[in-house]
Amino acid sequence: MKLAEANHNDIVPMSDETTSIVQSVLQVEAEALLKLSRETPPEIAQAIHSIHESTGPLIVAGVGKSGHIARKIASTFRSLGKRAAFLHAAEASHGDLGIIHDDSVVLVLSNSGETTELADLLAYCRQYKIPVISITATEENTLARSSTIAIAHGKVPEACINGLAPTTSTTVALAIGDALAVGFSHLLKSVPEDFRRYHPGGKLGLRLLNVGDLMVAGDRLPIVAPTTPMHDVVITMSSKGLGVALVIDGDKTLGLITDGDMRRNVERLWDSQACDLLSSAKPVSIAKMTTASEALKEMTSRGITCLLVHDRSKKTCGLLHIHDCLRAGVE
């Protein structure tokens, strides 16, 4: 513990020289991306449509640093609704070519386009007529010539001290991969609910939870008729454990009875029916597809603890209690 504290306290601020190096690296990579945005290869749009039209999983392949970028691109596509898998090009020759479906598209990354480990993969795709999209530096290398669609981003200066380590080139390749994935999601007409389906955990998943995911519905709802004696209303409320009762007449929801309503009417409580304790105010209802965070804000701003939930036909389909939101960690 003391060692950790000592290391934390002994952090040395960056010198002017180090700061200059950092700024130079960021500037070199930023300029490469800006140039790409101004001179966007038309093949990127072609590739997006090709991936969208394919019914099989997208296979993203690479070796070395390009392999790391390829793995991230495959992950991004999966999160946006496209089946995708990473294929290490060196392993492709030893049985992993079986991951490629007849209706797949193969996306291959290689800055030089001359990586020897790609040979068997490209030969397989050529033999079985599998479309190949490449992200590479020029149109003149072996990979580009072997591709159905070649995205040539141009030669870029690497930001490392010797101008050799993949730095700027991998940044550019990753940005192109992001453009492909986001472009695909636009053609797919993805909505936040689709994204949440693939990200059910973590803070992001919580932010995208819907009211329908947390609401109480069906047999768990404390439903009573307008003429139900308050003695039976109390039993229903106690058995369901929500502190409220829904007063429903046929298909029409008349309102809610809360613990507070009963306390305010304690003197006439046992001589009353459910309809006698209904507030004249219209109950607050919220759409089932509203995010839980928005519902929580609604309850907080109004100083209430629950909301009726309605479906697209405006029919009551559930009840959302503030405790359900808090237990789920909604903020």
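This is a predicted model: local features need pLDDT of at least 70, side-chain atom pairs count only at pLDDT 80 or more; totals for chains, interfaces and linings use all residues.

Modeller: Residues are numbered from 1 along each chain as its sequence is written, and side-chain values use heavy atoms, with hydrogens and water left out.

Biologist: How many helices and strands are there in the chain?
Modeller: Helices (H or I, at least four residues) and strands (E, at least two) are DSSP runs, numbered from the N terminus. Counted in this way, the chain has 15 helices and 11 strands.

Biologist: What percentage of the residues of the chain count as buried?
Modeller: A residue is buried under 20% relative accessible area, exposed over 50% and partly exposed in between, with a 1.4 Å probe and protein chains only. The chain has 331 residues. The part of them that counts as buried is 42%.

Biologist: Among contacts between residues at least 6 apart in sequence, what percentage join residues at least 24 apart?
Modeller: Contact means heavy atoms within 4.5 Å. For the pairs you describe, the value is 62%.

Biologist: At what angle do helix α3 and helix α8 pack, and which word describes their arrangement?
Modeller: Axes are lines fitted to C-alpha atoms, for helices over the stretch in contact, and angles run from 0 to 180 degrees between N-to-C directions. Helix α3 covers residues 43-53 and helix α8 residues 168-188; their axes are 9 Å apart and the angle is about 55°. Angles under 35 degrees count as roughly parallel, over 145 as roughly antiparallel, 65 to 115 as roughly perpendicular and the rest as oblique. The word for α3 relative to α8 is therefore oblique.

Biologist: How do the residues of the contact of α3 with α8 divide by class?
Modeller: On the α3 side are Ile44, Ala47, Ile48, His49, Ile51 and His52, and they meet Ile176, Ala179, Leu180, Gly183, Phe184, Leu187 and Leu188 of α8. Ala, Val, Leu, Ile, Met, Phe, Trp, Tyr, Cys and Pro count as nonpolar, Asp, Glu, Lys and Arg as charged, and the others, Gly among them, as polar. The division is 10 nonpolar, 3 polar and no charged.

Biologist: Is α4 roughly parallel or oblique to α8?
Modeller: Helix α4 (residues 65-79) crosses α8 at roughly 20°, and the two axes come within 9 Å. Because of that angle, α4 counts relative to α8 as roughly parallel.

Biologist: How many charged residues has the contact of α4 with α8?
Modeller: From α4 the contact includes Lys65, Ile69 and Lys72, and from α8 it includes Thr170, Ala173 and Asp178. By class there are 8 nonpolar residues and 3 polar ones, and the charged residues number 3.

Biologist: Which residues does Thr170 touch, not counting those up to four places away in sequence?
Modeller: Thr170 has its place in helix α8. Thr170 has a relative accessible area of 14%, so this residue is buried. Its C-alpha atom is separated by 9.7 Å from that of Ala70, 100 residues apart along the chain. The residues touched by Thr170 are Lys65 and Ile69.

Biologist: Is α2 oblique or roughly parallel to α8?
Modeller: Helix α2 (residues 16-38) packs against α8 at about 40°, with the axes 9 Å apart. In the contact, Val28, Glu29, Ala32, Leu33 and Leu36 of α2 meet Thr168, Thr171, Val172, Ala175 and Ile176 of α8. The two helices are therefore oblique.

Biologist: Is Ile322 buried or exposed?
Modeller: Ile322 is found in helix α15 (residues 322-328). Ile322 touches Leu296, Met299, Ile304 and Thr305, not counting residues up to four places away in sequence. Its relative accessibility is 15%, so Ile322 counts as buried.

Biologist: What is the phi of Lys129?
Modeller: Most residues other than glycine have a negative phi. Lys129 lies in the loop between α6 (119-127) and β4 (132-136), and is exposed, with a relative accessible area of 71%. Its phi is positive, near 55°.

Biologist: What is the phi of Lys314?
Modeller: Lys314 is in the loop between β10 (306-310) and β11 (316-321). With a relative accessible area of 63%, Lys314 is exposed. Although Lys314 is not a glycine, its phi is positive, at about 70°.
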